[in-house]
Amino acid sequence: MCFRFKYFFTYFIFLFIYSFSSFAVEKLNLLSVADEKGILVYWDSLSNSGILEKNGHQLSFQAGQKIVLEDCKRLVLLDAPEIDSNGILYVTRTFLNKAETFFGTEKPVEDVYKVEAILIDPGHGGKDPGAQSNITVNGKTVTIREKDVNLEVANYLYQRLKTAYPDKQILMTRNKDVYLTLGQRTEIANSVKLNDNGAILYVSIHANSSMDKSASGFEVWYLSPGYRRQVLNPSEATDVSLQPILNAMTEEEYTTESILIAKFITDGLKTSLGSLSNSRGIKAEEWFVVRNAKMPAVLIETGFLTNEKEAKLLYDKSYLKKVSDGIYNGLAAFVTHFERSRGFTGSN
């Protein structure tokens, strides 16, 4: 989530010399040596990028790329990590030694990053009801509409987050039955004001539908790395020629972070809903709602309105409370991880 960097570009002076240097190279299995040395590895096989974390520091990298990013601030040249034909990630001894040296440095208190804002987006609204179906409740036929389910869950979630985090901005794209375009939702997301070390998370809430009436369960989506977007302001780049590299690295961090948020929320829903619903997993797609939002984002499909049994659950406010509790627990777990590690990401 490195929205702004304080770059130290003097490292690039050595790029030409570095590229033509030759050394006897020892290749190490990164996952194995990281486990031995207590280094956490977050790896996204879709974008071939990852983050190493230890002692509150993060080292962001991409396979085949010699440029790594220290704590979302400083670009450094290291031997490029490589993936072999079996999908195993390797680094050189030099890479590992320099990473360990970096993890052993002190991190100034002022560099602490925090989740400063969480934006909740209840999907659809107003003239756009989303999915809907007719169900029988206590002998009466009622219509259940996705926009109402989304708002109910969002309101519960908003109240829990407000109570738990009075020091954070807890925001909603809508808190009543009004219509918003995707463009308006994107504008709201990207216009949230943050401090230098503040981060924002975007959570979009929806309900599902399918031609298969037996389809059921919840799922969490994130934006596929196949969709490329401009997430950095070109005017803020010290060196315009480096803008594509920096933008790509920021995108890759968004993807990694979104996957982590999705996993935490999925785990939270599993615990909260138990046998009442099943997990359909974490998924990626390029049509992701608000795909041009400049932050990590997830979309939650709480269940299928086209499944009669599940539609009745989604009509039950006590069940929707359980859904919101699961989402809250997942977000709280991510926030705890983020702030315990003194900032998994950067700031806007």
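Trainee: Which residues point one way from β13, and which the other way?
Mentor: Gly198, Ile200, Tyr202, Ser204, His206 and Asn208 point one way, and Ala199, Leu201, Val203, Ile205 and Ala207 the other. All are buried, where buried means under 20% relative accessible area, exposed over 50%, and partly exposed in between, with a 1.4 Å probe and protein chains only. Strands here are DSSP runs of E, at least two residues, and helices are runs of H or I, at least four residues, both numbered from the N terminus.

Trainee: Why is β13 described as largely enclosed?
Mentor: Eleven of the eleven residues of β13 (residues 198-208) are buried, so the strand is largely enclosed by the rest of the structure.

Trainee: Before going on, what kind of model is this?
Mentor: A predicted model, in which local features need pLDDT of at least 70 and side-chain atom pairs count only at pLDDT 80 or more, while totals for chains, interfaces and linings use all residues. Residues are numbered from 1 along each chain as its sequence is written, and side-chain values use heavy atoms, with hydrogens and water left out.

Trainee: What's the average pLDDT?
Mentor: The protein chain averages 82, and 77% of the residues score at least 70; pLDDT is the predictor's confidence in each residue, from 0 to 100. Over residues 1-23 the pLDDT is below 50, and this stretch has 64 contacts in the model beyond near neighbours in sequence. A contact means heavy atoms within 4.5 Å. Residues 236-243 also stay under 50, with twelve contacts beyond four places in sequence.

Trainee: Back to β13. Which strand pairs with β13 over eight bridges?
Mentor: Strand β9 (residues 114-122), in the parallel sense. Two strands count as paired if DSSP finds at least two bridges between them. Pro122 has Ile205 in β13 as its bridge partner.

Trainee: And how many bridges join β13 to β16?
Mentor: Six, and β16 (residues 297-304) runs parallel to β13. Asn208 stands opposite Phe304 in β16.

Trainee: What order do the strands take in that sheet?
Mentor: The sheet is open, has six strands and mixed pairing, and reads β12-β9-β13-β16-β14-β15. β12 (169-172) and β15 (279-285) each have a single partner strand, so one side of each is left without a neighbour in the sheet. The twist averages 20° from one strand to the next.

Trainee: Which helix packs on the sheet?
Mentor: Helix α5 (residues 182-190) does, touching β9 and β13, with its direction at about 165° to that of β9. Axes are lines fitted to C-alpha atoms, for helices over the stretch in contact, and angles run from 0 to 180 degrees between N-to-C directions.

Trainee: What about the sheet that starts with β2?
Mentor: That open sheet has five strands in the order β2-β3-β4-β5-β6, with antiparallel pairing. β2 (40-44) and β6 are the edge strands, each pairing on one side only. Strand β3 (residues 49-54) and strand β4 (residues 57-62) are antiparallel and joined by six bridges, with Phe61 in β4 the bridge partner of Gly50. Helix α3 (residues 93-103) lies across β3, β4 and β5 (67-70), at about 150° to β4.

Trainee: On to packing. Which residues have the most contacts inside the largest nonpolar core?
Mentor: Ile118, Leu161, Ile265, Ile327 and Leu331, in a core of 48 residues. Helix α8 (residues 317-340) gives the most to this core, with ten residues. A second, separate core of 18 residues includes Phe61, Val68, Val76 and Phe95. A nonpolar core here is a set of buried Ala, Val, Leu, Ile, Met, Phe, Trp, Tyr and Cys residues joined through side-chain atoms within 4.5 Å.

Trainee: What does Leu161 touch?
Mentor: Ile118, Ile120, Ile170, Tyr328 and Leu331, not counting residues up to four places away in sequence.

Trainee: And Asp325, buried or exposed?
Mentor: Asp325 is buried, with a relative accessible area of 16%. Asp325 is in helix α8 and touches Arg160 and Ser272, with residues up to four places away in sequence not counted.

Trainee: Last one: where is Leu78?
Mentor: In the loop between β6 (74-77) and β7 (82-83). Leu78 is buried, with a relative accessible area of 4%.
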